[in-house]
Amino acid sequence: MKANDPVAGAQDSIASAVATRPKTNRLFPTLDGVFHEEVFVLILSVFIGIFSGLAVVCFRLTIDWIHLALLGPLPETHSWRLFAVPSLAGLVVAVLVLHVFPGIRGSGVNQTKSALYIFNGYIPFRTAIGKFICAGIAIGSGQSLGPEDPSLQIGAGIASALGRQLQISRERVRLMAPVGAAAGLAAAFNAPISAVLFVIEEVIGRWSAGILGSVVLSAVSSVVIVRSFLGSEPLFRIPVTTFKRPSELIAYAVLGVVGGLASVLFAKSIGSLRPRLKALPRWTQYFQPACAGLLVGLIAFLGAPQVMGAGYGAMDEAMHGQYAWKFLAILALLKIVATSVSFVSGTPGGMFAPTLFIGAMLGGAVGDIERLFFPHLTGSTGTYVLVGMGVLFAGFLRVPMTSVFMVLEVSGNYEIIVPVIVANACSYLVSRSLLTVPIFDMLTRQDGLILPSLEEDREETILRVEDAMLAAPKAVLSGQDNVEANVRRVQDSPESAFLVRMHPSGWNTITRDQLQRLEREGKGELTLASVLPTQTLPSLYPDLPLDSALRYVNDYALVPVVNRADSRLLEGIVTRESVLDKYGRRRAVEVPGSV
Amino acid sequence: MWWRRVKSIPRSAPVILLLLTVAAATGFAAVGHLVSRYNANQQSRGRTLYQLGLDYVRSGSYDNAIAAFRAALSCDPGDSQYQLSLARALRDSNDPRRLDEAESYLLALWQRTPQDAAVNLALARVAAHRGSIEDAVRYYHNAMYGVWGSDPDGNRNKARVELIEFLLKKNAHAQADSELIALAAALPNNPAAHLQAAQLFEQAQDYAGALTQNEQALLSQPGNPSALAGAGEAAYRSGNYSIAAHFLHDAVEADPGNAEARRLLDLTDLILANNPFHSHISDAERNRRIAAAFAQAGNRLSACARQAGVDLSHSPTVSASPLPGLQSLWLLAQPKLKLLRAAAAETDIPDAVMDVVFQIERQTAATCGPPQGRDLALLMISQKREAAGQ
């Protein structure tokens with residue numbers, strides 16, 4: 001089974017490469033006194049951005065050139081080329097994917113994420129080259145896929161190769177792939193903020209100050225490169241967008257709900273078709289991209305050439321009210337079909353542009369229908385198209401923050417931020433309630449991998465110190481009082497260990513036996529502070545994660561939990577038992593049946 | 001692999017950064033070369049597609065033109081000429097949904113070159129298509145004061161003429177008048193330009209202005225039949241019948257086939273021959289004209305009553321038609337005719353009699369339709385008197 005699975009084969013080759021890779025840090029011993037590795041990585045991030053930007057420029061030229069060469073400069077309807085070209089290109093791509101570049105199927109986001117979490121940041125450079133060639137042929141020939149995700153993987157591949165060759169530490173090599181991914185995506189979208197956010201939300205899966213600087217630097221430098229070669233023209237010409245009355249938010253919320261439902265339909269169609277096609281005999285994989293190309297071509301031949309390729313031109317036209325709502329709705333539906341088929345067939349290419357396309361068409365259709373029933377609505381078709389793009393992004397890719405910034409960055413218009421947030425939130429909530437696993441997680445699980453997800457992290461209940469905190473003991477000793485006075489204070493107390501409040505700050509601990517022994521040794525007149533060790537007890541705050549208490553509860557019988565505003569004010573204490581008890585109870589809740 | 005050789009290079013940060021810089025510079029140069037070649041090819045393809053688009057525009061095939069211009073723009077997205085042509089094609093395709101897109105292209109161009117007169121003119125036309133007077137006036141003015149590639153004065157006048165036509169279509173006569181004054185002040189000494197301005201003045205019902213422009217045209221080109229006919233008509237509309245007769249006579253002489261000029265000349269002659277208030281006629285002639293007008297009005301009233309099926313013998317208070325009332329007025333005024341010959345020139349009898357005549361002519365015109373011949377002449381005299389009174 002594994003021998004027939006190109007993904008598994010690619011993973012094996014990656015794993016073996018990782019195993020044979022030198023693990024010593026050969027570069028930085030010689031850099032001592034010149035650069036810290038951290039500074040060097042920041043500088044390297046700029047170069048990653050430059051190289052990724054250059055690669056993405058070439059990638060875009062390749063797609064354009066292939067499109068012109070195969071489909072011609074003028075859009076033709078009812079031409080045989082519309083279905084012949086994507087079908088034949090599909091055959092070529094299938095052969096390349098199966099024999100020359102295994103492991104380049106799909107979008108590239110999951111592969112980058114896998115590199116980060118499983119393969120120590122290793123992405124074969126061959127994968128980046130393969131992605132460039134095969135995605136270029138596929139998208140240029142009209143397969144319903146986008147160039148953004150491949151750009152992301154190309155950037156990640158370049159970054160990974162650079163990091164490995166320069167032999168920086170393993171921890172940093174692992175983070176190079178997301179740095180390159182941000183550069184590739186930023187260059188493809190000409191939108192650095194969205195790229196950074198996407199990489200944080202989807203690839204890295206957590207906010208990490210250590211990586212943020214590198215990600216931002218690489219994204220910005222790649223965008224600068226792309227703009228210097230291809231100009232700073234935005235992807236779309238943004239029409240006048242307006243948002244006048246708050247009551248119109250209801251209309252955008254409806255769009256959000258419809259977008260959420262469409263996201264679920266889109267994700268489910270991919271999620272259910274993909275394993276079925278993968279389960280077919282290996283020889284069928286030679287023909288799956290060709291069949292997908294044939295279907296996309298037939299849709300184009302029958303009157304909807306807009307579904308071919310990334311579809312930015314059609315989005316632009318939709319934004320300017322060129323299509324009636326019925327045609328917009330049909331285009332959205334056809335694009336879901338075309339992209340699902342293209343993607344699950346294993347053709348390398350991305351889902352970002354198709355997602356934007358479906359959202360744009362759906363937004364335009366919903367907006368026009370709403371205006372039919374409520375003519376007083378002031379939002380133009382362009383406004384609904386723009387909001388719709390974000391809606392699908394939020395619902396399908398499940399990146400709510402990226403989706404908002406994507407729309408704002410692409411439109412350069414902050415007037416519509418409120419409708420965008422409302423619609424995206426509705427779409428995200430609908431999608432999340434109907435589809436528990438986000439699309440990228442679904443795809444990785446279908447490939448047999450379990451990767452961390454920021455969405456799951458967000459939903460995970462975090463135990464905090466206050467959850468395991470016990471009430472503050474009645475008898476708190478004072479370091480300024482003498483031993484004798486403190487012995488008298490604890491006489492009636494049932495506890496065996498006591499907290500000592502030190503002056504001017506800090507805490508210490510002492511047991512009843514230690515106190516009594518000090519008194520027997522004739523130190524009753526000495527202050528307690530003078531006989532206790534100078535090293536004070538660590539203290540915790542109630543809002544800290546409970547994990548932080550684990551560091552201390554083994555070494556100290558009790559750890560004070562103090563107020564953040566006044567460290568002498570005792571909120572409670574934690575002990576090893578209370579912490580373990582809390583974890584134990586949580587396990588019992590998480591594992592049904594266990595107590 | 002080639003990059004494995006990197007390991008043999010001494011490992012120090014400056015060397016690595018130098019190598020990376022060299023690699024980046026090399027990559028930059030290589031991609032720059034690639035992009036410039038690609039752009040050159042694209043620009044060449046764009047020019048071909050642009051020409052194709054222009055051909056389609058010339059043949060009136062706007063959908064194909066739009067597709068060609070779009071393709072040209074995809075080859076060279078920054079070319080303002082392609083954008084302008086696409087915007088014009090979108091605007092002229094008579095599809096209101098495309099106006100937004102046209103405006104979007106034009107606004108993008110405008111933001112880059114707000115002083116470009118052609119862009120402003122195109123935006124003005126989009127605003128005119130939308131019927132937005134405020135935007136249209138703003139963009140037309142921008143176009144007039146903007147930078148033109150060639151013949152700035154001619155193009156500015158054309159833009160102003162277009163604005164005036166738009167304003168007249170929108171019945172914004174006050175704004176049109178001020179533009180007309182500006183137009184008249186900036187016109188070249190060219191009969192065609194004066195004739196066009198005269199037509200605009202006439203559309204704006206500024207007949208004095210129209211007469212002046214036609215006279216200006218005649219100064220440049222004496223005997224121009226259009227200017228003669230235009231001046232005659234303008235004088236006729238403004239009530240200057242003597243001047244009108246002069247120009248119309250010359251117009252008919254210069255162009256005997258001009259039926260409209262001949263019709264106006266005949267009417268003007270009738271007005272001049274029947275006007276009892278003409279200043280250079282004797283009392284006897286005035287009385288004769290009043291009597292003739294009175295008789296003409298009586299006949300017109302009888303004919304109209306017959307046409308409308310109204311019995312003039314009915315009491316005015318009983319009849320729903322105003323005609324019996326006019327008949328009563330006419331009968332009451334009849335004795336005054338006899339007093340005309342005896343009365344001194346300063347009495348108000350002529351006015352009183354002619355008032356009855358004018359009332360009859362106006363009311364019969366309203367009831368029985370526009371009059372002809374002498375009745376029309378009397379009606380015109382009535383209107384001129386009324387206008388002078390106001």
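Author: Let us begin with B:Asp151, which counts as partly exposed because its relative accessibility is 48%. Please note that this is a predicted model.

Reader: Where does B:Asp151 lie?

Author: B:Asp151 is in the loop of chain B between α6 (133-145) and α7 (152-169).

Reader: And what is its phi?

Author: B:Asp151 has a positive phi of about 40°, although it is not a glycine. Most residues other than glycine have a negative phi.

Reader: Which loop of chain A holds A:Arg398?

Author: A:Arg398 sits in the loop between α15 (381-396) and α16 (400-411) of chain A. Its phi is positive too, near 60°.

Reader: Is A:Arg398 buried or exposed?

Author: A:Arg398 counts as buried because its relative accessible area is 4%, and the cut-off for buried is under 20%.

Reader: Turning to peptide bonds, which one is cis?

Author: The bond from A:His503 to A:Pro504 is cis, with omega near 0°. A:Pro504 belongs to the loop between β2 (497-501) and β3 (507-511) of chain A.

Reader: Now a helix, please. How many residues does α5 of chain A have?

Author: Helix α5 of chain A, residues 125-140, has 16 residues. From first C-alpha to last it reaches 22 Å, close to the 22 Å expected at 1.5 Å a residue.

Reader: How many of those residues are buried?

Author: In α5(A), 12 of the 16 residues are buried, so the helix is mostly covered. Among them are A:Phe132, A:Cys134 and A:Ile137.

Reader: What do the buried residues pack against?

Author: The buried residues of α5(A) pack against α2 (37-71), α3 (81-100), α4 (109-117) and α6 (148-165) of chain A. Just after α5(A), A:Gly142 takes a positive phi of about 110°.

Reader: Let us change topic. How many residues of chain B are in contact with chain A?

Author: In chain B, 35 residues are in contact with 37 residues of chain A. The area buried between the two chains is about 3300 Å², and carbon and sulfur atoms give 71% of that area.

Reader: Which residues form a salt bridge there?

Author: The rule finds 1 salt bridge across the interface. A:Glu317 forms a salt bridge with B:Arg70, and their closest N and O atoms are 3.1 Å apart.

Reader: Which helices of chain B supply the side that touches chain A?

Author: α1 (13-58), α2 (62-75) and α4 (98-112) of chain B each supply at least two residues of that side. The largest share, 19 residues, comes from α1(B). The residues of this side of chain B divide into 20 nonpolar, 6 polar and 9 charged.

Technical notes. Residues numbered from 1 in each chain as written. Chains lettered and ligands numbered in written order. Predicted model: local features only at pLDDT ≥ 70, side-chain atom pairs only at ≥ 80, totals over all residues. Heavy atoms only, no water. Helix = DSSP H or I, 4+ residues; strand = E, 2+ residues; numbered from the N terminus. Expected span 1.5 Å × (residues − 1). Buried < 20%, exposed > 50% of the residue type's maximum accessible area, 1.4 Å probe, protein only. Contact = heavy atoms within 4.5 Å. Buried area = accessible area lost by both parts, 1.4 Å probe. Salt bridge = Lys/Arg side-chain N within 4 Å of Asp/Glu carboxyl O. Nonpolar A, V, L, I, M, F, W, Y, C, P; charged D, E, K, R; others polar.
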